[in-house]
Amino acid sequence: KSTTAAAMTARGYRILCDDVIPIAAGPRVLPGIPLPKLLPDAYERLIGDPEDAAHLFDGAGKYHASLPAGTEAAALKMIFLLEPSEEAALRVEPVKGGAKIRAILENAISLEGLDDPMLLFSRASERLASIPLFRVIRPVSGNCLNELVAAIIGLDKKGTMP
């Protein structure tokens with residue numbers, strides 16, 4: 001996910017946050033911590049030589065990447081679920097109905113004892129009902145990053161499947 005976000009910045013997009021994405025009414029994506037961590041091969045492909053970035057190594061196998069970041073809340077236009085697969089080709093499919101709500105709730109973070117599950121469900125349903133959700137099934141072997149970014153940008157520009 002962070003590699004995809006980093007590749008999107010090379011095409012003029014900005015990162016608002018990484019890992020945990022706060023979504024407010026509107027729905028709007030709020031700025032968070034926009035510091036993705038990339039594996040060495042992704043860092044090299046997208047940023048530069050990891051050997052020149054030893055100071056950015058997190059000690060757990062990834063490099064912190066300082067990329068163009070947005071500082072203002074932005075309208076949430078689409079949601080993408082990136083899923084690795086043994087399939088040979090990249091595939092993008094819309095997720096609708098109950099499967100959409102299930103997928104959103106599976107990826108929502110709530111704090112046990114603080115968050116009411118019914119409130120989480122109603123807010124997710126209310127805020128995200130009109131937001132398109134796409135499952136992006138990507139091959140684990142090979143490099144389909146450019147194809148993946150092109151598919152996401154194509155959806156962003158058209159609002160429909162490429």
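Ile15 lies in the loop between α1 and β1 (23-24); helices (H or I, at least four residues) and strands (E, at least two) are DSSP runs, numbered from the N terminus. The model is a predicted one, in which local features need pLDDT of at least 70 and side-chain atom pairs count only at pLDDT 80 or more, while totals for chains, interfaces and linings use all residues. Residues are numbered from 1 along each chain as its sequence is written, and side-chain values use heavy atoms, with hydrogens and water left out.

With a relative accessible area of 5%, Ile15 is buried. The word buried stands for under 20% relative accessible area, exposed for over 50%, and partly exposed for what lies in between (1.4 Å probe, protein chains only). Among the residues that Ile15 touches are Ala5, Ala6 and Thr9, as well as Pro34, Pro36 and Leu67, leaving out residues up to four places away in sequence; contact means heavy atoms within 4.5 Å. The C-alpha atoms of Ile15 and Ser2 are separated by 9.6 Å, and these residues are 13 residues apart along the chain.

Helix α1 itself is mostly covered, with 6 of its 8 residues buried. These are Ser2, Thr4, Ala6, Ala7, Met8 and Thr9. Thr4, which is found in helix α1, has a relative accessible area of 8% and is therefore buried. Apart from neighbours within four places in sequence, Thr4 is in contact with Leu82, Leu145, Leu148, Val149 and Ile152.

The next topic is the nonpolar core, defined as a set of buried Ala, Val, Leu, Ile, Met, Phe, Trp, Tyr and Cys residues joined through side-chain atoms within 4.5 Å. The largest such core has 15 residues, of which Leu90, Val92, Leu148 and Val149 touch the most other members. Two or more residues of this core come from each of α1 (2-9), β8 (133-139) and α5 (145-158). The most is given by α5, with 7 residues. Leu148 touches Thr4, Leu82, Leu90 and Val136, not counting residues up to four places away in sequence. A second, separate core of 13 residues includes Ala124, Leu128, Ile131 and Leu133.

The strands come next. An open sheet is formed by 3 strands in the order β6-β8-β7, with mixed pairing; two strands pair if DSSP finds at least two bridges between them. Because β6 and β7 stand at the edges, each with a single partner strand, one side of each is left without a neighbour in the sheet. β7 and β8 pair in the antiparallel sense over 5 bridges, and Val95 has Leu133 in β8 as its bridge partner. In general, strands of a sheet pair through backbone hydrogen bonds, either parallel or antiparallel.

Helix α3 (residues 97-106) has Lys100, Ala103 and Ile104 among its residues, and these are buried. Seen down the axis of α3, the buried residues fall within an arc of 100°, so they line one face of the helix; the arc is that of the directions from the helix axis to the C-beta atoms. They pack against β6 (79-85), β7 (91-95), α4 (117-128) and β8. On the face of α3 turned away from its buried side are the exposed residues Arg102 and Glu106.

Finally, the cysteines may be considered. Cys17 is buried, with a relative accessible area of 11%, and Cys144 counts as buried at 13% relative accessibility. A search of the whole structure finds 0 disulfides, a disulfide being a pair of cysteine sulfur atoms within 2.5 Å.
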